[in-house]
Amino acid sequence: MLTNPSQVVLRNSDQFANLDVLVLNYEADHLALQCLDTAKSVTALALDYNHHLTLSPLAATKLDCYFGHKLPNELEQQQFDCVIVFFPKAKPLAQYLLTLAANHLVDEGLLLVVGENKGGVKSLPKLLPEFFSPAVKIDNARHCLLYRAFLLQPPKKLVLEDWYSQYQINTPQGEITICNLVGVFSEKKLDLGTELLLSHLPTLQGRVLDFGCGAGVITAALLKQYPSLKMECIDINAMALASCELTLAANHQQAKVYPSDGFKQISGKFDGIISNPPFHDGLDSTFAIANDFVSQSSQRLNKNGVWQIVANRHLPYADNIANAFGKVNVPAENNKYKLYFQQLA
């Protein structure tokens, strides 16, 4: 089943008939494969690892699938006749994707941008970089818009350093440097939830997992207090993973950083799992993922391993924690967050 934006792209497939196509930031469906009914070839780059896992098993001779904030180094110079961009929720990330698209387009190459009306795509005409022709709306269906533009002049070269902000934040462990790429949520100060977590850290040693690492705030703080930790940082978002790597480098620290959809790409057990989980909205679908995280965590700890997370206090974590660990410990809380701690017997 195609998402609404993907359906709008497919119904305009005549736009890229017999062209070599690059699809950026695609959604969790098989649009890229179906584009081959019209396109000459399709290369697909996902910024969400779950979306990559949805499509990558279908990779074939004329369909290449990648995950990351850009194409692999060996493809940095590759150009395409057409680039299709799925408009992201964060406008600064949209400008990054448009610049990335331009760097992979042939002269006068075709740009197609699709997005849901409520997702900000209406702002595209104002966001489009000057090296493109003005955006023209070519379809309006399924609560989505599809725009077309052409590359008119050589684009600005995409340099990652132009797309992140670097700043210092104070943590209970001391000052750390954060490198935050566009599209990754991070305040320029320590958020109250993470501050609560870092202010009540358990004793940590050995192999420790930062689940949903984001820009690497927790990992950098942990390594500042416990430099000998063997940290592993996972996230589903390519920009977050790249941000985390930049943050580690800025603090002269090392950790293993890699994508994982929940615990699916993780092997073995840990001596500690620490997280400010990326589950904040309380929707049933999102909280199902959060519950799975809790139950999986109890199976991924070594004996005497510690598990500590901070969560919005209104989210009903307690029952699932009790089911997974046998009891619920709340060592600290404030008017917005609760800290949950467990140690595996």
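**Close-up views of the predicted model**

**View 1. Asn276 and its contact with Thr194.** In this predicted model, the side chains of Asn276 and Thr194 form a polar contact at 3.0 Å. Asn276 belongs to the loop that runs between strand 13 (270–275) and helix 9 (284–299). Its relative accessible area is 16%; the limit for a buried residue is under 20%, so Asn276 counts as buried.

**View 2. The loop that holds Glu187.** Glu187 sits between strand 9 (174–181) and helix 6 (192–199), in the loop that separates them. Its relative accessibility is 32%, and Glu187 therefore counts as partly exposed. From the C-alpha atom of Glu187 to that of Ala290 the separation is 23 Å. Along the chain these two residues are 103 residues apart.

**View 3. Helix 8 and its two ends.** Helix 8 covers residues 238–250, 13 residues in total. From the first C-alpha to the last, helix 8 reaches 19 Å, close to the 18 Å expected at 1.5 Å a residue. At the start of the helix, a side-chain oxygen of Asn237 comes to within 2.8 Å of the backbone nitrogen of Met239. After the helix comes His252, which has a positive phi, near 55°.

**View 4. Burial of helix 8.** Ten of the 13 residues of helix 8 are buried, so the helix is largely enclosed by the rest of the structure. Among the buried residues are Ala238, Met239, Ala240, Leu241 and Ala242. Ser243, Cys244, Leu246, Thr247 and Leu248 are buried as well.

**View 5. The whole chain, for orientation.** The protein chain contains ten helices and 16 strands. Its C-alpha trace spans about 60 × 40 × 40 Å along the principal axes. The radius of gyration is 22 Å, which agrees with the value near 20 Å that a compact globule of 345 residues would have. Of the 345 residues, 52% count as buried.

Note on methods
Residues numbered from 1 in each chain as written. Predicted model: local features only at pLDDT ≥ 70, side-chain atom pairs only at ≥ 80, totals over all residues. Heavy atoms only, no water. Helix = DSSP H or I, 4+ residues; strand = E, 2+ residues; numbered from the N terminus. Expected span 1.5 Å × (residues − 1). Buried < 20%, exposed > 50% of the residue type's maximum accessible area, 1.4 Å probe, protein only. Polar contact = N/O pair within 3.5 Å; in protein donor to acceptor, adjacent residues only side chain to side chain. Rg over C-alpha atoms; globule rule 2.2 N^0.38 Å.
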